[in-house]
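Work through the exercises below with the sequence and the 3D structure open. Each task is followed by a solution in steps.

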There are 2 protein chains.
Amino acid sequence: MARALDVVSSRSALLILREAFYGTTRFDDFAQRSGISEPVAAARLAELVEDGLLAKEPYREPGQRTRLAYRLTDKGAELFPVLVALMEWGDRWLAPDGAPVVLTHQDCGEAVHIELRCAAGHPASLDELDLEAGPGRHAAGA
Amino acid sequence: MARALDVVSSRSALLILREAFYGTTRFDDFAQRSGISEPVAAARLAELVEDGLLAKEPYREPGQRTRLAYRLTDKGAELFPVLVALMEWGDRWLAPDGAPVVLTHQDCGEAVHIELRCAAGHPASLDELDLEAGPGRHAAGA
């Protein structure tokens with residue numbers, strides 16, 4: 001987890017990733033929608049590309065010069081549960097007016113939530129968990 | 001989510017919360033186990049208490065003066081899915097030697113993972129989700 005935090009612990013990186021999950025791909029939109037300054041957005045986008053969470057793709061609209069689009073890689077897309085867990089916690093503890101955004105399941109329209117479950121399919125609450133040393137226990141920085 | 005990031009976006013805050021989930025309660029142990037300096041640990045612990053994620057409780061061991069223990073509140077404990085989601089992502093993308101810690105379900109011994117599921121009980125992947133405006137859509141800072 002400590003290594004994961006090295007990649008995503010800045011507030012602005014997570015705000016940019018959230019916009020990427022919402023479908024934003026263009027630099028101007030990232031800066032504007034995430035509410036962070038253009039220089040900071042540019043620095044964070046470059047870091048997210050370097051860390052392999054976003055990939056740059058050239059695109060060109062008619063009559064315009066070639067620009068770059070930023071798209072989530074698999075590595076970036078798999079951070080989605082972290083953002084959903086943060087959203088749920090913020091909605092519950094910090095949003096007196098209710099959730100600003102609701103995630104729903106396209107197939108059935110029901111609200112989507114994050115859950116802890118074991119491989120046998122049981123929901124698992126915090127007080128039902130054991131922590132065990134894993135194979136990488138003694139790796140540096142674990 | 002932006003408000004949630006205001007509370008927990010620092011690397012050191014998340015490292016201290018992780019130790020709290022592992023059962024750490026004493027100042028000296030937080031500083032030592034999270035690998036951050038004592039002044040930074042003291043500042044983060046004070047902020048986490050102020051934000052209501054940890055609560056201070058006096059305790060006294062025989063022959064010692066009264067000290068303070070830091071315990072997770074409900075608000076703090078409910079951040080656990082965020083940390084599990086970060087751990088899982090880090091294990092998958094950043095831990096070539098395997099997971100340093102494995103979470104298991106006490107009842108059945110199976111590994112525990114984070115999942116997105118809808119209220120109807122279906123597992124929901126990223127490409128099956130819709131985003132809808134919620135009741136707090138126009139709240140400041142949402």
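The exercises move from helix packing to the contact between the chains and then to single residues.

The model is predicted, so local features are given only at pLDDT of at least 70 and side-chain atom pairs only at pLDDT 80 or more, while totals for chains, interfaces and linings use all residues. Residues are numbered from 1 along each chain as its sequence is written, and chains are lettered from A and ligands numbered from 1 in the order in which they are written.

**Exercise 1. Describe how helix 2 of chain B packs on helix 3 of chain B.**

Step 1. Locate the helices: helix 2 of chain B covers residues 11-21 and helix 3 of chain B covers residues 27-34. Helices (H or I, at least four residues) and strands (E, at least two) are DSSP runs, numbered from the N terminus.

Step 2. Axes here are lines fitted to C-alpha atoms, for helices over the stretch in contact, and angles run from 0 to 180 degrees between N-to-C directions. Helix 2 of chain B passes helix 3 of chain B in a right-handed crossing; that is, the near helix is turned clockwise from the far one by less than a right angle.

Step 3. List the residues. Helix 2 of chain B contributes B:Leu15, B:Ile16 and B:Glu19, and helix 3 of chain B contributes B:Phe30, B:Arg33 and B:Ser34. Residues are in contact if their C-beta atoms, placed from the backbone, lie within 7 Å.

Step 4. Sort them by class: three are nonpolar, one is polar and two are charged. Ala, Val, Leu, Ile, Met, Phe, Trp, Tyr, Cys and Pro count as nonpolar, Asp, Glu, Lys and Arg as charged, and the others, Gly among them, as polar.

**Exercise 2. Which residues of helix 2 of chain B are buried?**

Step 1. Apply the cut-off: a residue is buried if 20 or more other C-beta atoms lie within 10 Å of its own, exposed if 12 or fewer, and partly exposed in between, with C-beta atoms placed from the backbone.

Step 2. The residues that pass are B:Ala13, B:Leu14, B:Leu15, B:Ile16, B:Leu17, B:Arg18, B:Glu19 and B:Ala20.

Step 3. Helix 2 of chain B is largely enclosed by the rest of the structure because eight of its eleven residues are buried.

Step 4. Look just past the helix: B:Gly23 takes a positive phi of about 110°.

**Exercise 3. Describe the packing of helix 3 and helix 4 in chain B, then in chain A.**

Step 1. In chain B, helix 3 and helix 4 (residues 38-50) pack at an angle of about 120°, with their axes 9 Å apart. Their crossing is right-handed.

Step 2. B:Phe27, B:Phe30, B:Ala31 and B:Ser34 of helix 3 meet B:Glu38, B:Ala41 and B:Leu45 of helix 4. By class, this contact has five nonpolar, one polar and one charged residues.

Step 3. In chain A, the axes of helix 3 (residues 27-34) and helix 4 (residues 38-50) come within 9 Å and cross at roughly 120°. This crossing is right-handed.

**Exercise 4. How many residues of chain B are in contact with chain A, and which element gives the most?**

Step 1. The count is 68 residues of chain B against 68 residues of chain A.

Step 2. Among the elements of chain B that give two or more residues are helix 1 (2-8), helix 5 (74-77) and strand 3 (101-105). Helix 6 of chain B gives the most, with 13 residues.

Step 3. By class, the chain B side divides into 42 nonpolar, eleven polar and 15 charged residues.

**Exercise 5. How do strand 4 of chain A and strand 4 of chain B pair?**

Step 1. The strands run antiparallel and are joined by seven bridges; pairing requires that DSSP finds at least two bridges.

Step 2. A:Cys118 stands opposite B:Val112, and A:Leu116 has B:Ile114 as its bridge partner.

Step 3. Separate the faces of strand 4 of chain A: A:Val112, A:Ile114, A:Leu116 and A:Cys118 are on the covered face, and A:His113, A:Glu115 and A:Arg117 are on the uncovered one.

**Exercise 6. Is B:Ala4 buried or exposed?**

Step 1. Find B:Ala4 in helix 1 of chain B.

Step 2. B:Ala4 is buried because 23 other C-beta atoms lie within 10 Å.

Step 3. Not counting residues up to four places away in sequence, B:Ala4 touches A:Leu86, A:Trp89, A:Gly90 and A:Leu94.

Notes
Two residues are in contact if their C-beta atoms, placed from the backbone, lie within 7 Å.
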